[in-house]
Amino acid sequence: MKQKECPSCAMEVPARSKECPICGYEFTDFSPGYKWVAILLIILFLLYLFI
């Protein structure tokens with residue numbers, strides 16, 4: 001079973017967990033589309049500043 005580390009308490013929890021069973025930290029699920037949109041907006045902003 002895949003594990004991921006909780007950023008709040010550094011415990012290993014199952015990768016599919018929505019919440020850390022130790023500290024209650026809620027993991028957010030961002031689709032890959034949001035990441036690419038953010039990168040594109042940053043690039044466009046930088047181009048606007050330098051052109």
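**Contacts, burial and a surface patch**

Mentor: Let's start with Cys6, which touches Met11, Cys20, Cys23, Tyr25 and Phe27, leaving out residues up to four places away in sequence. Keep in mind that this is a predicted model.

Trainee: Okay, and where does Cys6 lie?

Mentor: Cys6 is in the loop that runs between β1 (3-5) and β2 (12-14).

Trainee: Is Cys6 buried or exposed?

Mentor: Buried, because its relative accessibility is 0%, and buried means under 20%.

Trainee: What about Ser17, which residues does that one touch?

Mentor: Ser17 touches Lys4 and Phe27, again skipping residues up to four places away in sequence. Phe27 is also on the contact list of Cys6.

Trainee: And where is Ser17?

Mentor: Ser17 sits in the loop between β2 and α1. Its relative accessible area is 17%, so Ser17 counts as buried.

Trainee: New topic: which residues form the nonpolar patch on the surface?

Mentor: Trp36, Val37, Ile39, Leu40, Leu41, Ile43, Leu44, Leu47 and Ile51. Together they have about 940 Å² of accessible area.

Trainee: Take Val37, which helix does it lie in?

Mentor: Val37 lies in helix α1, residues 32-50.

Trainee: Last one: what separates the C-alpha atoms of Cys6 and Ile43?

Mentor: Those C-alpha atoms are 30 Å apart, and the two residues are 37 residues apart along the chain. Ile43 is one of the patch residues.

Technical notes
Residues are numbered from 1 along each chain as its sequence is written. This is a predicted model: local features need pLDDT of at least 70, side-chain atom pairs count only at pLDDT 80 or more; totals for chains, interfaces and linings use all residues. Side-chain values use heavy atoms; hydrogens and water are left out. Patches are made of residues with over 30% relative accessible area and no salt bridge: like charges are joined within 9 Å, nonpolar side chains (Val, Leu, Ile, Met, Phe, Trp, Tyr) within 5 Å. Accessible areas come from the Shrake-Rupley method with a 1.4 Å probe; for residues, only the protein chains shown count as cover. A salt bridge is a side-chain nitrogen of Lys or Arg within 4 Å of a carboxyl oxygen of Asp or Glu. Helices (H or I, at least four residues) and strands (E, at least two) are DSSP runs, numbered from the N terminus. Buried means under 20% relative accessible area, exposed over 50%, partly exposed in between (1.4 Å probe, protein chains only). Contact means heavy atoms within 4.5 Å.
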